[in-house]
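Subject: Handover of a structure

Dear colleague,

Please find below the structure that I am handing over to you. My notes on what was found in it follow directly after.

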Amino acid sequence: MGALMYASIFGNLTVIIQRLYLQSSKQHEDLRLTRDFVRFYKIPRALQDNLENHVLHESCSMKVSDINNVLSLFPGTLQTDICLHIHVRDFKQGDEVDKVYFIIKGIIHVVADGEILLALGRGDTIYSEYKSMDSQTSSGG
């Protein structure tokens, strides 16, 4: 009986280690391809950093189960509660927030004066404070 338990535990550990190795090797391969691409096309350092960060972000977000599949099991109010719980680090107690947007797919670039200041991707949040919306409305009209 002990040998059977040992074999079962050892077999499960082997599978876990193989999955970790596959994920790690895929991430390393993606980074290698990105760096080769950057070197071949002589991409500037700032853009190179953005490309590498994107590859790392995508590989990390792929490790987490697909949040859309899980969220689709729940009604909209619970989905909002879940997303707020996941992204609670983005808010401080007492913040008055008018709208919250969760980026589920794709990348959003924040651009000012023709320069990309920030790239937001899957799992990031955008929110507007209630007071800042009032000031934008009153100054714009």
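The chain has five helices and four strands, where helices (H or I, at least four residues) and strands (E, at least two) are DSSP runs numbered from the N terminus. Read from the N terminus, the order of elements is α-α-α-α-β-β-β-β-α. The model is a predicted one, in which local features need pLDDT of at least 70 and side-chain atom pairs count only at pLDDT 80 or more, while totals for chains, interfaces and linings use all residues. Residues are numbered from 1 along each chain as its sequence is written, and side-chain values use heavy atoms, with hydrogens and water left out.

Of the 141 residues of the chain, 13% count as buried. Buried means under 20% relative accessible area, exposed means over 50%, and partly exposed lies in between (1.4 Å probe, protein chains only).

Helix H1

Helix H1 covers residues 2-41. It has 40 residues and spans 58 Å from its first C-alpha to its last, close to the 58 Å expected at 1.5 Å a residue; the expected span is 1.5 Å times one less than the number of residues. Gln27, Leu31, Thr34 and Val38 are buried residues of H1. After the helix comes Lys42, with a positive phi near 50°.

A nonpolar surface patch of about 890 Å² is made by Met1, Leu4, Met5, Ile9, Leu13, Ile16, Ile17 and Leu20. Patches are built from residues with over 30% relative accessible area and no salt bridge, with like charges joined within 9 Å and nonpolar side chains (Val, Leu, Ile, Met, Phe, Trp, Tyr) within 5 Å. The areas come from the Shrake-Rupley method with a 1.4 Å probe, and for residues only the protein chains shown count as cover.

Aromatic pairs

Rings of Phe, Tyr and Trp (its six-membered ring) pair if their centres lie within 6.5 Å; planes under 30 degrees apart count as stacked, over 60 as edge-to-face and the rest as tilted. By this rule there are two aromatic pairs. Phe37 and Tyr41 form a tilted pair, at 4.9 Å centre to centre and with 50° between the planes. Both residues lie in H1, four residues apart, about one turn of the helix. The rings of Phe40 and Tyr41 have their centres 4.8 Å apart and their planes at 85°, so this pair is edge-to-face. Within it, Phe37 is partly exposed, with a relative accessible area of 42%, and Phe40 is exposed, at 62%.

Salt bridges

The structure holds six salt bridges, each being a side-chain nitrogen of Lys or Arg within 4 Å of a carboxyl oxygen of Asp or Glu. Asp36 and Arg32 meet in one of them (2.8 Å, N to O). These two residues both lie in helix H1, four residues apart, about one turn of the helix. Asp36 is partly exposed at 29% relative accessibility, and Arg32 is partly exposed at 40%. Asp36 and Arg32 also belong to a network of salt bridges that links them with Glu29 and Arg39.

Another salt bridge joins the side chains of Arg35 and Glu52 (3.1 Å, N to O). This pair links distant parts of the chain, with Arg35 in helix H1 and Glu52 in helix H2 (residues 45-63), 17 residues apart. Arg35 is partly exposed, with a relative accessible area of 37%, whereas Glu52 is buried at 12%.

Within H2, Arg45 and Asp49 lie four residues apart, about one turn of the helix. Their side chains meet in a salt bridge (3.4 Å, N to O). Arg45 is exposed, with a relative accessible area of 53%, and Asp49 is partly exposed at 29%.

Strands E2 and E3

Strand E2 (residues 108-112) and strand E3 (residues 115-120) pair in the antiparallel sense over five bridges; two strands pair if DSSP finds at least two bridges between them. The bridge partner of His109 in E3 is Ala119. In the hairpin of E2 and E3, two residues lie between the strands, and Asp113 takes a positive phi near 55°.

With kind regards
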